[in-house]
Amino acid sequence: MTACDCCGTELDDSGAIDLDLGLPPGVRAPTLLAGGNVLLTGDAAYVRCVLLVELTGDLELWFGAWMRVDPQDARHAAGSWDGPGYASLKFTGTFAHDIKPWDGLRGVEVAAEVREPEGLPEYVRHPLLGKVWDRDEVLSGYLVELPVSIQQKLPGRWSVERTAGLTPHVLEEGLRFAGPGRAVFVDVRRAQGTTADRFLELALEGAPDVPEDQRFQERDGVELRHALWLTSAPGQHEFHGHVARFGEMVVVTCVHDDPADHAWARHVLNSVRYRTGPRS
C-alpha cells in the first residue's frame, strides 16, 4: 500500500477483483452440466469462461462470463470437463453479455481456451483484451462493495473517492457509501450565477456552531473548500465538507464511529475533483 500525501491514509491501489455476470440475458431454468459451467437451453448452449480485463493502477478485473457456442461443442466440453481432455479444450462462439461501460459486446465473435488445468477456460480473443482501461471510468458503474478505492464519478464533471469496503447506494439527493463504522453522503448542487462564497454561505445557514479548531476554510484557485466537524452523539462523529465553485458545489458528509477516522474524512473531502477538460 501507499499513503495519502495529505493525511497519511493508506491507499490500496492494486490487486484483482472478481465479478460474476450471472446467467446470459434471457436464459431461464437451463440444464446445467460440468459443475454448472456448461448450460443448455432449448435452442442454445453456453460455456462459462474467464475474461481478464486490465485496468490502470495495476488492477485486474476478472469476469465470469458466458460464451454462446455450438450445442455439440458444449456437450463435448461437458464430457471432457473432469477428464484428461479438459486441458486441450478450445472454444469459438459469441459473447453472451453486455458489460458497462462498454457498448456492443453482446454477440461479438470471441474465442477461449483452457490455460490452467484447475481453472476455467480464458478468453483469448475479445474486444476488451489488449488494452489497459481506466479503473475509475469502469468501476464507477458498479454499485457493489469493492476491495480497492476508486475515484467515483458524480453527476456532471465531479468525482470523489469511494473508499475500499464501502457499498454505494443511489439516493434521490445523491449517493451514499456505507460500511462498518463509516458512511459518506455526497450531493452535487447547482445554482446558475451563484458565486462560490455565496454557495458556501447558503450551505452553512443553520449549521452548528463549532470551535475554530473544528473547522477550516481554504481557497484553491476558483474553488472554495470548507469543513466543520463535531461529535453529534457518544461514539458518532460527523464531518461536513463543501467544495464550491461558480454555479456548483459538492457537499460531502462523513459519519464515523472511530475518532481516528477524522483523517479519513478529511482525505475524502480532499479527493473531490472537478474535471475541466472535454466531457467524456
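First, the term for this tour: a salt bridge is a side-chain nitrogen of Lys or Arg within 4 Å of a carboxyl oxygen of Asp or Glu. What you have open is a predicted model, where local features need pLDDT of at least 70, side-chain atom pairs count only at pLDDT 80 or more, and totals for chains, interfaces and linings use all residues. Residues are numbered from 1 along each chain as its sequence is written, and side-chain values use heavy atoms, with hydrogens and water left out.

By that rule there are 11 salt bridges. Here are some stops.

Start with Glu223 and Arg225. Their side chains meet in a salt bridge, 3.2 Å from N to O. Both ends are buried (under 20% relative accessible area; exposed is over 50%, partly exposed in between, with a 1.4 Å probe and protein chains only): Glu223 is at 8% and Arg225 at 7%.

Next, pick Arg48 and Asp20. Their closest N and O atoms are 3.1 Å apart, a salt bridge. This one ties together distant parts of the chain, 28 residues apart: Arg48 sits in strand 6 (residues 45–55) and Asp20 in strand 3 (residues 15–20). Strands (E, at least two residues) and helices (H or I, at least four) are DSSP runs numbered from the N terminus. Arg48 is buried at 19% relative accessibility, while Asp20 is exposed at 52%.

Last stop: Glu137 and Lys153, a salt bridge with its closest N and O atoms 3.2 Å apart. Helix 2 (residues 135–139) holds Glu137, and strand 12 (residues 150–153) holds Lys153, 16 residues away. Glu137 is partly exposed at 34%, and Lys153 is partly exposed at 30%.
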